[in-house]
Amino acid sequence: MPGITLVGLGPGDPAALSQAARDALANGQVFLRTRHHPVVIQQAAPAGRPAFEDLLDSDTPLATVIERWIDTLLDAARTDAVVYAVPGNPLVGDATVRVLLQRAEEAAVPVNTIPASTVVDAATAALPPSALALGVQVLDTLDLALAAEHAPFGGGEAALSPLQPLLLTNPGPARVMAAACETLARLYPDSTTLLVLNHTPTGELHSVETALGSLADATGDMLAIYLAPVSPLESARHAAGLQRIVARLRAPGGCPWDREQTHQSLMRAGIEEAYEVLEAIERDDAAALREELGDLLLQVYLHAQIAEEAGEFTLEDVIGDLSAKLVRRHPHVFGEAHAADASDVLQRWDEIKRAERAERGVDEEAHPLGQIPAALPALIRAQTVLRRAIRAGLLPFDPDILQSRWRALAAGEEPVSAETLGDALLATALLAAEAGLDAEQALRERTLALEAAIRGHTAATPDDLY
């Protein structure tokens, strides 16, 4: 009967293979996840049977390889009884099975499963009793390799935490291992050691300790790889690790200075850190930018921790709100809408924001400018007010008036006062808004150039700048 039977090969002991699995392997059209498994070697006549790992020798992207493999299985299953044999239990820790089940449901191809002991069962017997006590994460090594291959857009794709035990199934071949190590190196310290669980031809397991940096070169018939959890102090590369460090600083017995901080006391620090980020960008200093982004991120974590202590909100609330907002305001990416260009995106963004304010009961007519932070630098705030007022058709004067006041001041026809100088600066902000430029940034760049010229010459002249 056409369809697919998923056969679990167990951790490796051929004697533990069920009779149902033996019958399926003997009678069906067999496809293998890997030939490097004791049951396959002894029971499944591997030489003439297609295996997923055969497709991994090329430079074809891994995601494409998986799709082609699943296409092969589904095509065969439409006319024949197909067996797909995988190590352990097919429903635990196999990335190809996950894709297969989804695609088979869409294609209305029947799938049934012959289970077996999981790789976790084998690891439990082979590792110390406390190794998995914290709740083990089980991931296919292929999942980590996919995340690395999708870089620089694969961040967060491999949902794992170094704060919990990790068991990687289906290690190898070399191409997958090398890519998986790239993902692990993003989250684990360089000093991390791990255990590679190898099976012997008779299905017995033995473990070999290996350094993370050497994992890509590991050899043998690997069944799984175990990584012990690391403490937040060792795994500060992970968001949850940083969250726990900040919580410890604020907790009773933590740092006296951190415990004294409030939302209000941190206000100036937040502004300073933001400007230090801008300074690093202006210097095109990647190392400094990396450090300053960390300092700015600390402000987010501190405010979230302080808010949680006050029962206001949590860091997860902040992340959840931001994630929902990004998805909601980008229907052209996460939905069915279409955006032709950046200006189309901005127009749609404004429409969505107006709809959000309406849902919150904000009267758009009563607040035509929306919410503009009072702490914005004056030039940024001026440009924001002018841009929004012009877009809404609400500017209370002819823009040419500002330009005429600016020219009169420059020509000495108007006295310099707070009012006339303010109009001149408004005229500058208006000019920047009409040109699509950032007035604040333009002034910063010219001031920095002037400063560099002055510092570089004991007697700077206008020619040094212009």
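Close-up 1. The 12 residues of helix H8 (residues 239–250) should span 16 Å at 1.5 Å a residue, and the end C-alpha atoms lie 17 Å apart, which agrees; the expected span is 1.5 Å times one less than the number of residues. The model is predicted: local features need pLDDT of at least 70 and side-chain atom pairs pLDDT 80 or more, whereas totals for chains, interfaces and linings use all residues. Residues are numbered from 1 along each chain as its sequence is written, and side-chain values use heavy atoms, leaving out hydrogens and water. Helices are DSSP runs (H or I, at least four residues) numbered from the N terminus. Gly-241, Val-246 and Arg-250 of H8 are buried (under 20% relative accessible area, 1.4 Å probe, protein chains only). The buried residues of H8 pack against helix H9 (256–260) and helix H11 (286–309).

**Close-up 2. Gln-261 in the loop between H9 and helix H10 (267–282).** Gln-261 is buried, with a relative accessible area of 9%. Beyond its neighbours within four places in sequence, Gln-261 is in contact with Arg-250, Leu-266 and Ile-306 (heavy atoms within 4.5 Å).

**Close-up 3. The crossing of helix H3 (residues 62–77) and helix H4 (residues 95–107).** The axes of H3 and H4, lines fitted to C-alpha atoms over the stretch in contact, come within 10 Å and cross at roughly 55 degrees. Ile-66, Glu-67, Ile-70, Asp-71, Leu-73 and Leu-74 of H3 meet Thr-96, Val-99, Leu-100, Arg-103 and Ala-104 of H4.

How values were computed
Helices (H or I, at least four residues) and strands (E, at least two) are DSSP runs, numbered from the N terminus. Buried means under 20% relative accessible area, exposed over 50%, partly exposed in between (1.4 Å probe, protein chains only). Axes are lines fitted to C-alpha atoms, for helices over the stretch in contact, and angles run from 0 to 180 degrees between N-to-C directions.
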